[in-house]
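I opened the model to look up a few residues and some totals. My notes follow in the order in which I made them.

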Amino acid sequence: MENCNLSILPNEVGNLISLETLDLCYNKLHTLPDGICNLTRLKKLYLAECDVSHLPGEIGRLISLERLVLGQNNLLTLPDSFCNLASLGYLDLEDCNLSHLPDRIGMLSSLMELNLGRNNVCSLPKSFSDLASLEDVYLCNCKRLQSLPELPVSLRLMDASHCTLLESIPTEFNWQAGLDMSFEGCDMLAKNNFANNVLERIEQSLSEDKKDREWSEDSVLGENACIYLPGDDVPNWFQYQYTGSKLSLVVPPLETRRILGCSLCVVFRAHENRGCDDYPILTFHNKNKKSIFEILSITQDQDKVTLFYFPSKETELFGRIHAGDEFEIEIEQSPWLTVKKCGINLIYEVNTEMPSKKKRKITDTRDSDISSPRN
């Protein structure tokens, strides 16, 4: 019944007790009948752009519901019973004029993907961290969002781009899982220099993780990870820094320490005049290995800082990292992207002291051969 110009849904719809999918998108329903809560076998419910102002109070009775699309309605709030949707795996609440989420939102134990973009929430409930299955969350353009609570350990992707009032984010992440995060256009984070704190804590968490685990590549080395942040410089604590898109490094003696991996920091700028489907690409070359990243950047002509983590594995850009290894890395630039600066840090198994805060001399590699930084 998609786009059928419906203004009323009869209460008798609740008699369709075997119904599993109901698509009501692009109608003008305003409200839903209480009878819809009788559809206990319903698995998919689509209500995008229906001008719905509130949901039935007993919507939590839809115990089989797995997918719920409510984008672009005018809900303001969600009923308390909403948190009883224990089978819900996908929830789209984009642009619903929501001012807050229920305190018990953490009870949605099956939720894997959540879209909250373009809402008026100032914060998220503490129970947000209890969403044990949550992997992807989208908070783009939540212009009133000021802070984030502790994040679920299951999280793999978080896009909080253009949350312009966002002042702080948690510094505890499960980076071993391969987490991607974007805070592009979060101006307050740039002003209070929170980016440096986040980036430094990432490296600490990776190196300290070994203290609490038995060694295994799967548990400690983890997967690739990246984070996008506002900024225009490589943080001071990166030991090796360069101007341009090339860098080189000889791995120093390790003594008794094992290298978990390394982090790359890239400062880049995306330009105008690219097609709507033509995203800039960063390609890392290290001798006979390469990794390609599509930069989903919508802000043009503004510097951004991106951190990439590469574990010490044969399959990764650097392979297994040993003392004396030579890295010669060139970041290939696409037509719509310019790399301005870059840096590299080695991450060790035991981190008894952080790298020196003294910044190494920046070497300009834009018009010269690859060279190592000098003290």
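Entry 1, Leu70. Leu70 lies in the loop between β3 (67–69) and β4 (90–92). Strands (E, at least two residues) and helices (H or I, at least four) are DSSP runs, numbered from the N terminus. I then listed the contacts of Leu70, leaving aside neighbours within four places in sequence: Leu47, Ala48, Leu55, Leu75, Phe82, Asp92, Leu93 and Cys96. Contact here means heavy atoms within 4.5 Å. I also noted a C-alpha separation of 7.4 Å between Leu70 and Glu94, which are 24 residues apart along the chain.

I am reading a predicted model, in which local features need pLDDT of at least 70, side-chain atom pairs count only at pLDDT 80 or more, and totals for chains, interfaces and linings use all residues. Residues are numbered from 1 along each chain as its sequence is written, and side-chain values use heavy atoms, with hydrogens and water left out.

I looked up pLDDT, the predictor's confidence in each residue from 0 to 100. The protein has a mean pLDDT of 81, and 76% of its residues reach 70 or more. Residues 210–221 have pLDDT below 50, and the model gives this stretch 29 contacts beyond near neighbours in sequence. Residues 351–375 also stay under 50, with 50 contacts beyond four places in sequence. Where pLDDT is low, the predicted coordinates should not be read in detail.

Of the 375 residues, 52% are buried. Among contacts with a separation of 6 or more, 54% join residues 24 or more positions apart. The protein exposes about 17100 Å², of which carbon and sulfur atoms supply 44%. Accessible areas come from the Shrake-Rupley method with a 1.4 Å probe, and for residues only the protein chains shown count as cover.

Asn115 is in strand β5 (residues 113–115). With 15% relative accessibility, Asn115 counts as buried. Leaving aside neighbours within four places in sequence, I listed Leu91, Asp92, Leu93, Glu94 and Tyr138 as its contacts.

I searched the whole structure for disulfides (a pair of cysteine sulfur atoms within 2.5 Å) and found zero. Cys226 is buried at 4% relative accessible area, and Cys262 is buried at 0%.

The whole structure has four aromatic pairs. Rings of Phe, Tyr and Trp (its six-membered ring) pair if their centres lie within 6.5 Å; planes under 30 degrees apart count as stacked, over 60 as edge-to-face and the rest as tilted. Why is the pair of Trp237 and Phe238 called tilted? Their planes are at 35°, so the pair is tilted, and the ring centres are 4.8 Å apart. Trp237 is buried at 3% relative accessible area, and Phe238 is buried at 0%. Phe308 and Phe310 form a stacked pair, 6.5 Å centre to centre with 25° between the planes. Phe308 is buried at 0% relative accessibility, and Phe310 is buried at 0% too. Phe284, Phe308 and Phe310 form one aromatic cluster.

The charged end of Arg67 sits over the ring of Tyr90, 3.9 Å from its centre. The rule asks for NZ of Lys or CZ of Arg within 6 Å of the ring centre and within 35 degrees of the ring normal.

Most residues other than glycine have a negative phi. Tyr26 is not a glycine, yet its phi is positive, about 65°. Tyr26 is in the loop between β1 (21–23) and β2 (44–46) and is partly exposed, at 37% relative accessible area. Arg118, not a glycine either, has a positive phi of about 60°. Arg118 is in the loop between β5 and β6 (136–138), and at 46% relative accessibility Arg118 counts as partly exposed.

Definitions and conventions:
Buried < 20%, exposed > 50% of the residue type's maximum accessible area, 1.4 Å probe, protein only.
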